[in-house]
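Subject: Model for your files, with notes

Dear colleague,

I am passing on the structure we spoke about, and I would be grateful if you could read the notes below with the model open beside them.

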Amino acid sequence: MSRVYVCSCFGVTEKQVKAHADAGACTPRQIASACKAGTDCGSCVRRIQAILGRGNCPRRDLVDQGEPALTADVTAEAVAVAEAA
């Protein structure tokens, strides 16, 4: 099975971006915070936006209340599951 890289600068795969999204990342900035994707050359930001889609954020209520949508343990667990699959 081949890996589809979204961010060549940091070696972040599409599967990892989706795992971060499943863990609550709703924006490219939150993806960047979770795994650095999009923070170097920026060429992957549009692809990240496409993967995230629009509107359907599982943790939007936390963001609206000013709470962090991502936590280190949730993000790490999501990536571990994605890499194991």
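The notes that follow go from the overall layout to the core, the helix pair and the cysteines.

Please bear in mind that this is a predicted model, in which local features need pLDDT of at least 70 and side-chain atom pairs count only at pLDDT 80 or more, while totals for chains, interfaces and linings use all residues. Residues are numbered from 1 along each chain as its sequence is written, and side-chain values use heavy atoms, with hydrogens and water left out.

Overall layout

The chain holds 5 helices and 2 strands, where helices (H or I, at least four residues) and strands (E, at least two) are DSSP runs numbered from the N terminus. Read from the N terminus, the order of these elements is β-β-α-α-α-α-α. The chain has 85 residues, of which 35% are buried; buried stands for under 20% relative accessible area, exposed for over 50%, and partly exposed for what lies in between, with a 1.4 Å probe and protein chains only. The accessible surface, computed by the Shrake-Rupley method with a 1.4 Å probe, amounts to about 5500 Å², and carbon and sulfur atoms make up 48% of that area. Among contacts (heavy atoms within 4.5 Å) with a separation of 6 or more, 60% are between residues 24 or more positions apart.

The nonpolar core

A nonpolar core is taken here as a set of buried Ala, Val, Leu, Ile, Met, Phe, Trp, Tyr and Cys residues joined through side-chain atoms within 4.5 Å. The largest one has 13 residues, and those touching the most other members are Val-6, Val-12, Val-17, Ile-31, Ala-37 and Ile-48. Two or more residues each come from strand S1 (5-7), helix H1 (14-22), helix H2 (28-35) and helix H3 (45-52), with H3 contributing the most, namely 3 residues. Leaving aside residues up to four places away in sequence, Val-17 touches Val-6, Val-12, Ile-31, Ile-48 and Ile-51.

H1, H2 and what follows them

The axes of H1 and H2, which are lines fitted to C-alpha atoms over the stretch in contact, with angles from 0 to 180 degrees between N-to-C directions, come within 10 Å and cross at roughly 110°. The two helices are therefore roughly perpendicular to each other, a label that covers 65 to 115 degrees. Where they meet, Val-17, His-20 and Ala-21 of H1 face Ile-31, Ala-34 and Cys-35 of H2. The buried residues of H1 include Val-17, His-20 and Ala-21, and those of H2 include Ile-31 and Cys-35.

Just after H1, Gly-24 has a positive phi of about 125°. Lys-36, in the loop between H2 and H3, also has a positive phi, near 75°, although this residue is not a glycine; its relative accessibility of 48% makes Lys-36 partly exposed.

The cysteines

With a disulfide defined as a pair of cysteine sulfur atoms within 2.5 Å, the count is 0. For Cys-35, which is buried at 18% relative accessible area, the closest cysteine sulfur is that of Cys-7, at 7.2 Å, which is too far for a bond. Cys-41 is exposed, at 54% relative accessibility, and its sulfur lies 3.7 Å from the closest cysteine sulfur, in Cys-9, again too far for a bond.

With best regards

Definitions and conventions: Angles under 35 degrees count as roughly parallel, over 145 as roughly antiparallel, 65 to 115 as roughly perpendicular and the rest as oblique.
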